[in-house]
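Thank you all for coming.

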Amino acid sequence: MIKAALALATVAVLAGTGCGFKDDPVPPESVLPQAVVDLRVELNDQGATLSWSYPRKTVSGDPVEQIDGFELFQAEIPESEFCPTCPVPYRTAIDVPGGSVVAGSSKTVIYEVHDLRPGNLYSFKVRSKSGWWRQSQDSNEVSFLWQTPPMAPQGLSVVSGDGKNVLQWQPVTQRKDGTSGSVPIRYQLYRGVDGGAMETYGAPVTATSYSDQAVTNGRSYRYQVQAQSSYRHGVVNSGLSEEVVANPTDHTPPPVPTGVSALRTEIGVKVYWDEVRAEDLAGYRIYRHIPGNEPVRVGEVNLPYTLFVDKTVPGGTVLYSVSSIDTQNPANESGRSVEVRAE
């Protein structure tokens, strides 16, 4: 009877205290974070940089206020043993600290991996944690091949022209460890415009020169180039070259004016001509030529005028010609038109 009474008392205590909760149990989906969906990787000659966003909602759609941490899973597979249809053998779990989540804002985790071994394929995925035994579903996976990177390109130079920048650099023939490379090398160009961020520009090329003709005269362009070693299962990037700056300038003058005529009047010689068609046309310059002397500029008119009156005409034979100028500073000037006699 005494044992029975003790058993009943124990049951009563457990029934009264439950499992230590003072409130009603919380459904798991109300605290379990949604899976990370934007795991990304960027490679450089030092290793890999992984990044992902904090989950902002739980599985049930409620706001997340705290992420206790993340578990980053890594798999390392020798390239010679890679099986595209086999499950990824994740063996390494790395604890990454979490933190609070502010409503309406975004928060990003950045994790660098440097202990990579050449000749291996790497895969990563991540889970977020909101407490003991409360882990999200797996994130998306990222994978890449790691080999000893090529040397960064040397000797990058640029020559600016009219509406183009021509770049050249030395070919890359060695890896970062000084050994000779035997795999194909391509080059990826990076470009920044007017102080903006450097971004990949165009597709990788095999040549060691590039003519960038998608430029606007008067703007400033910055360039860097990166070498890429191409392997069967991926591409390995070098560091970036030194930066060069280019400022393409318009050196092309407008067309030479035609249809020039000169007529003496009571107030002077009227010089007129046909309108020149050019997008950057600013105006015209008028030249007077007295035989035996060099032609001299006697006037300049802006658009839309195609007429000039020379009020200081000397006696005797006088010849006139006209050139066109554009909007550059200093202006590009065309050649002078055929000279005509003032009648």
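**A buried pair and its surroundings**

Let me begin with Asp212, which is buried, with a relative accessible area of 1%, where buried means under 20% relative accessible area, exposed means over 50%, and partly exposed is in between, all with a 1.4 Å probe and protein chains only. Before I go on, please keep in mind that this is a predicted model, in which local features need pLDDT of at least 70 and side-chain atom pairs count only at pLDDT 80 or more, while totals for chains, interfaces and linings use all residues. Residues are numbered from 1 along each chain as its sequence is written, and side-chain values use heavy atoms, with hydrogens and water left out.

What does the side chain of Asp212 meet in a salt bridge? The partner is Arg191, at 2.9 Å from N to O, and by a salt bridge I mean a side-chain nitrogen of Lys or Arg within 4 Å of a carboxyl oxygen of Asp or Glu. This pair links distant parts of the chain, since Arg191 is in strand S10 and Asp212 is in strand S12 (residues 209–212), 21 residues apart; strands here are DSSP runs of E with at least two residues, helices are runs of H or I with at least four, and both are numbered from the N terminus. Arg191 also counts as buried, at 16% relative accessibility.

Salt bridges with shared partners also join Lys125, Arg127 and Asp138 into one network.

Asp45 sits in the loop between strand S1 (40–44) and strand S2 (47–53), and Lys176 in the loop between strand S9 (165–168) and strand S10 (185–193), so the pair ties together parts that are 131 residues apart in sequence. Lys176 is partly exposed, with a relative accessible area of 37%. Arg40 and Asp38 form a salt bridge as well, at 3.3 Å from N to O, and there Arg40 is partly exposed at 38%, as is Asp38 at 21%.

Leaving aside neighbours within four places in sequence, Asn120 is in contact, meaning heavy atoms within 4.5 Å, with residues including Glu76, Pro78, Phe144 and Trp146.

Finally, a few words on the backbone. Most residues other than glycine have a negative phi, and most peptide bonds are trans. Here, however, the peptide bond from Leu303 to Pro304 is cis, with omega near 5 degrees, and Pro304 lies in the loop between strand S19 (296–302) and S20. The bond from Asn329 to Pro330 is likewise cis, with omega near 5 degrees, and Pro330 belongs to the loop between strand S21 (319–326) and strand S22 (340–341). Asp194, in the loop between S10 and strand S11 (199–205), has a positive phi near 50 degrees, and Asp194 is partly exposed, with a relative accessible area of 43%.
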